[in-house]
Amino acid sequence: MSEIKVNKSTFESNVTSLDSTVTTLKSKISDLVGVLNSIPSHSEFGSLTTKAGNIATSLENLSTDFDNVYKSIDNYIETLKKIDAEEIGEAEVPVVEDKSLTLDGSSGDDLNIDTYNNNETSQTPNNPPVSNGNPVTYSVGDDGSNGGNNGNNGNNSTSSPNDSTDPTSTASYVPPTSVDPSGYSNNEAMGFKVTTGHRTDYPLTEEEYNVIAAIISAECDGTPDDALAVASVIFNRCDDPTWVSYVKSDSPYKQATFPNQFVVYQGGQYKSYMPPNSPKPAAKAALDAVLNGYRNCSYLSFRSNGSKSYSNNMISPTGNRYK
């Protein structure tokens with residue numbers, strides 16, 4: 001283990017640059033894979049088809065490596081969080097040497113970014129963050145801010161959860177049997193459309209319901225649309241095979257409280273909305289809507305409003321950015 005001096009402004013610049021670069025590279029790889037896979041498997045193409053398929057597989061593996069780079073990005077963010085907490089411009093930050101990620105087949109001596117372990121969103125659905133996720137984070141915006149509508153948005157974190165055990169209350173929560181969706185809006189160009197008929201058989205205790213409502217409250221900007229989007233992300237993960245396998249549960253409570261996913265749970269900010277306090281009205285309404293089969297997006301992760309390079313998919317001008 002070694003120590004290095006870490007400058008906050010340098011980290012902010014590196015996070016933004018690396019995030020943008022990885023996103024661009026993943027997009028180009030996806031385009032290349034599509035082209036390679038489109039080569040027809042006719043006899044006149046001979047071994048070319050096989051070779052193209054092998055190249056496509058290699059590129060997809062490389063894309064997975066880039067997903068791991070996303071994990072590193074959010075550890076930069078966690079370091080910034082530590083710097084902020086100490087209220088100083090520089091901090092001694094331990095760096096654990098890890099040569100597991102090498103894109104060129106080398107020993108990893110020239111690629112140290114993986115010495116930091118993750119974020120989200122995760123960040124990506126195909127390779128959930130382990131520490132990223134999304135979905136999520138002490139999010140640092142392109143403007144150098146710490147992201148969030150409440151300063152704690154995002155969908156991943158790298159700190160330890162406050163509560164790793166299930167709530168003790170066993171009383172079941174029974175959601176209202178009818179929901180008025182007229183208060184929600186659509187923005188299909190950004191990937192948001194209110195739909196119904198989604199799964200509703202998610203048994204929750206009263207305490208679990210309160211925790212999820214509190215997490216949504218702390219993550220959203222207080223508007224009905226952004227609250228529903230945050231709730232949709234949580235429940236979308238319950239239906240996504242990759243996330244269910246990763247968390248080893250399709251419970252929305254387990255997904256929302258799984259270590260290193262939602263920073264407001266990790267940091268305890270959600271507790272401000274727990275009884276005897278109340279959740280934001282929009283958050284409670286959104287959770288009840290989702291429990292009645294309503295959702296407004298299919299996204300699996302998000303970051304705070306200030307993370308401009310992450311995504312432009314927003315349903316509220318002051319809300320989160322979804323991917």
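Is the crossing of α3 and α4 right-handed or left-handed? The crossing of α3 and α4 is right-handed, where a crossing counts as right-handed if the near helix is turned clockwise from the far one by less than a right angle, and as left-handed if anticlockwise.

## Basis of the model

This is a predicted model, in which local features need pLDDT of at least 70 and side-chain atom pairs count only at pLDDT 80 or more, while totals for chains, interfaces and linings use all residues. Residues are numbered from 1 along each chain as its sequence is written, and side-chain values use heavy atoms, with hydrogens and water left out.

## Overall make-up

The chain contains 8 helices and 4 strands. Helices (H or I, at least four residues) and strands (E, at least two) are DSSP runs, numbered from the N terminus. Read from the N terminus, the order of elements is β-α-α-β-α-α-α-α-α-α-β-β.

Of the 323 residues in the chain, 49% are buried. Buried means under 20% relative accessible area, exposed means over 50%, and partly exposed lies in between, with a 1.4 Å probe and protein chains only. The accessible surface of the chain is about 14,300 Å², and carbon and sulfur atoms account for 50% of that surface. Accessible areas come from the Shrake-Rupley method with a 1.4 Å probe; for residues, only the protein chains shown count as cover.

## Helices α3 and α4

Helix α3 covers residues 206–219 and helix α4 covers residues 224–239; their axes come within 9 Å and cross at roughly 125°. That angle makes α3 oblique to α4. Angles under 35 degrees count as roughly parallel, over 145 as roughly antiparallel, 65 to 115 as roughly perpendicular and the rest as oblique. Axes are lines fitted to C-alpha atoms, for helices over the stretch in contact, and angles run from 0 to 180 degrees between N-to-C directions.

On the α3 side, the contact with α4 is made by Ile212, Ile216 and Glu219. On the α4 side, it is made by Asp226, Ala227, Val230, Ala231 and Ile234. Contact means heavy atoms within 4.5 Å.

## Helix α8 and its partners

Helix α8 (residues 281–291) packs with α4 at an angle of about 45°, the axes being 8 Å apart. These two helices are therefore oblique to each other, and their crossing is right-handed. Residues of α4 in this contact include Pro224, Leu228 and Phe235, and those of α8 include Ala282, Ala286 and Val290.

The axes of α3 and α8 come within 8 Å and cross at roughly 120°. That makes α3 oblique to α8, and this crossing is right-handed too. Tyr209, Ile212, Ala213, Ile216 and Ser217 of α3 meet Ala283, Lys284, Leu287, Asp288 and Leu291 of α8. In α8, 8 of the 11 residues are buried, so the helix is largely enclosed by the rest of the structure. Its buried residues, among them Asp288 and Ala289, pack against α3 and α4.

## Isoleucine 212

Isoleucine 212 lies in helix α3 and is buried, at 0% relative accessibility. Leaving aside neighbours within four places in sequence, isoleucine 212 is in contact with Leu204, Ile234, Pro252, Tyr253, Ala256 and Leu287. Lysine 254 is 42 residues away along the chain from isoleucine 212, and the C-alpha atoms of the two are separated by 9.7 Å.

## Cysteines

The structure holds 0 disulfides, a disulfide being a pair of cysteine sulfur atoms within 2.5 Å. Cysteine 220 is buried, with a relative accessible area of 0%. Cysteine 238 also counts as buried, at 2% relative accessibility.

## Backbone features in the loops

The peptide bond from proline 275 to proline 276 is cis, with omega near 10°. Proline 276 is placed in the loop between α7 (263–266) and α8.

Lysine 248 has a positive phi of about 65° although it is not a glycine. Lysine 248 lies in the loop between α5 (241–247) and α6 (252–257) and counts as exposed, at 72% relative accessibility. Asparagine 260, not a glycine either, has a positive phi of about 70°. Asparagine 260 is in the loop between α6 and α7 and is buried, with a relative accessible area of 11%. Glycine 293 follows α8, and its phi is positive, near 95°.
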